[in-house]
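Student: I have a chain open on my screen. Can you walk me through it, quick and plain?

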Amino acid sequence: MFIIDLHYTQPLDKVDEYLEAHVAHLKRHLDAGDFIAVGRKKPRTGGILLANVSDRPTAEAIAAEDPFVTNNVATATVVEFEPAMAAPEFTALLAKR
């Protein structure tokens with residue numbers, strides 16, 4: 001499993017120019033089952049994407065194709081982790097994808 005940490009590098013008005021394309025990117029990967037949850041940081045300095053994909057190259061490719069990243073308004077850091085425990089309703093996440 002991976003955390004993709006987006007960090008804005010431009011003012012919000014510039015970030016918002018690419019918001020529609022970014023949301024389409026998120027929806028595409030949510031529909032494909034690549035993302036479990038996504039959301040803005042508070043305060044709004046970027047976002048967090050929780051990805052359940054098979055390997056780091058896949059997570060890095062997904063992060064690199066994000067319109068915020070391709071348009072240089074955000075950077076993405078990919079952090080891999082192996083969930084060891086989960087609440088009962090999330091135990092399916094413990095299985096490797």
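Tutor: One term to start with: buried means under 20% relative accessible area. Also note that this is a predicted model.

Student: Fine. Which side chains of β1 point to one face and are buried?

Tutor: F2, I4, L6 and Y8.

Student: What is the strand order of the open sheet?

Tutor: The order is β2-β3-β1-β4, with antiparallel pairing. That makes β2 and β4 the edge strands, each pairing on one side only. On average, neighbouring strands are turned by 15° against each other, direction ignored.

Student: And what packs on the sheet?

Tutor: Helix α2, residues 19–31, touches β1, β2 and β3. Its direction makes about 155° with that of β2. Helix α3 lies across β1, β2 and β4 and runs at about 165° to β4.

Student: Back to β1. How many bridges does it make with β4?

Tutor: β1 and β4 pair over 7 bridges, in the antiparallel sense. F2 stands opposite E80. I4 has V78 as its bridge partner.

Student: How many bridges join β1 to β3?

Tutor: 6, and those two strands also run antiparallel. There, L6 has G47 in β3 as its bridge partner.

Student: Now the core. Which residues touch the most other members?

Tutor: The largest nonpolar core has 18 residues, and F2, I4, L6, F35, L49, F68 and V78 touch the most other members. β1, β3, α3, α4 and β4 each supply at least two residues. β1 gives the most, with 4 residues.

Student: Take V78. What does it touch, not counting residues up to four places away in sequence?

Tutor: F2, I3, I4, R56, A59, E60 and A63.

Student: How many aromatic pairs does the structure hold?

Tutor: It holds 1 aromatic pair. Y8 and F68 form it, edge-to-face, at 5.8 Å centre to centre and with 85° between the planes. The pair links distant parts of the chain, since Y8 is in strand β1 and F68 in helix α4, 60 residues apart.

Student: Are Y8 and F68 buried or exposed?

Tutor: Y8 is buried, and so is F68.

Student: What about H22? Where does it sit?

Tutor: H22 is in helix α2. H22 counts as buried because its relative accessible area is 7%, and the cut-off for buried is under 20%. Leaving aside its neighbours within four places in sequence, H22 is in contact with L6, D66, P67 and F68.

Student: Switching to charges. How many salt bridges does the structure hold?

Tutor: 4. One of them joins D5 and K41, with the closest N and O atoms 2.6 Å apart. D5 lies in strand β1 and K41 in the loop between β2 and β3, so the pair ties together parts that are 36 residues apart in sequence.

Student: How accessible is D5?

Tutor: D5 is partly exposed, with a relative accessible area of 25%.

Student: Which residue meets D16 in a salt bridge?

Tutor: R44, at 2.6 Å, N to O. D16 lies in helix α1 and R44 in the loop between β2 and β3, so this pair ties together parts that are 28 residues apart in sequence. D16 is partly exposed at 34% relative accessible area. R44 counts as partly exposed too, at 23%.

Student: And K14?

Tutor: The side chains of K14 and E17 meet in a salt bridge, at 3.7 Å, N to O. K14 is partly exposed, at 33% relative accessibility.

Student: Last topic, the backbone. Which residues does a cis peptide bond join?

Tutor: K42 and P43, with omega about 0°. P43 is found in the loop between β2 and β3.

Student: Which residue other than glycine has a positive phi, near 60°?

Tutor: N72. N72 lies in the loop between α4 and β4.

Student: Is N72 buried or exposed?

Tutor: N72 is exposed, with a relative accessible area of 56%.

Note on methods. Residues numbered from 1 in each chain as written. Predicted model: local features only at pLDDT ≥ 70, side-chain atom pairs only at ≥ 80, totals over all residues. Heavy atoms only, no water. Buried < 20%, exposed > 50% of the residue type's maximum accessible area, 1.4 Å probe, protein only. Phe/Tyr/Trp six-rings, centres within 6.5 Å; stacked < 30°, edge-to-face > 60°. Core = buried A, V, L, I, M, F, W, Y, C linked by side-chain atoms within 4.5 Å. Contact = heavy atoms within 4.5 Å. Pairing = 2+ DSSP bridges. Axes fitted to C-alpha atoms, helices over the stretch in contact; angles between N-to-C directions.
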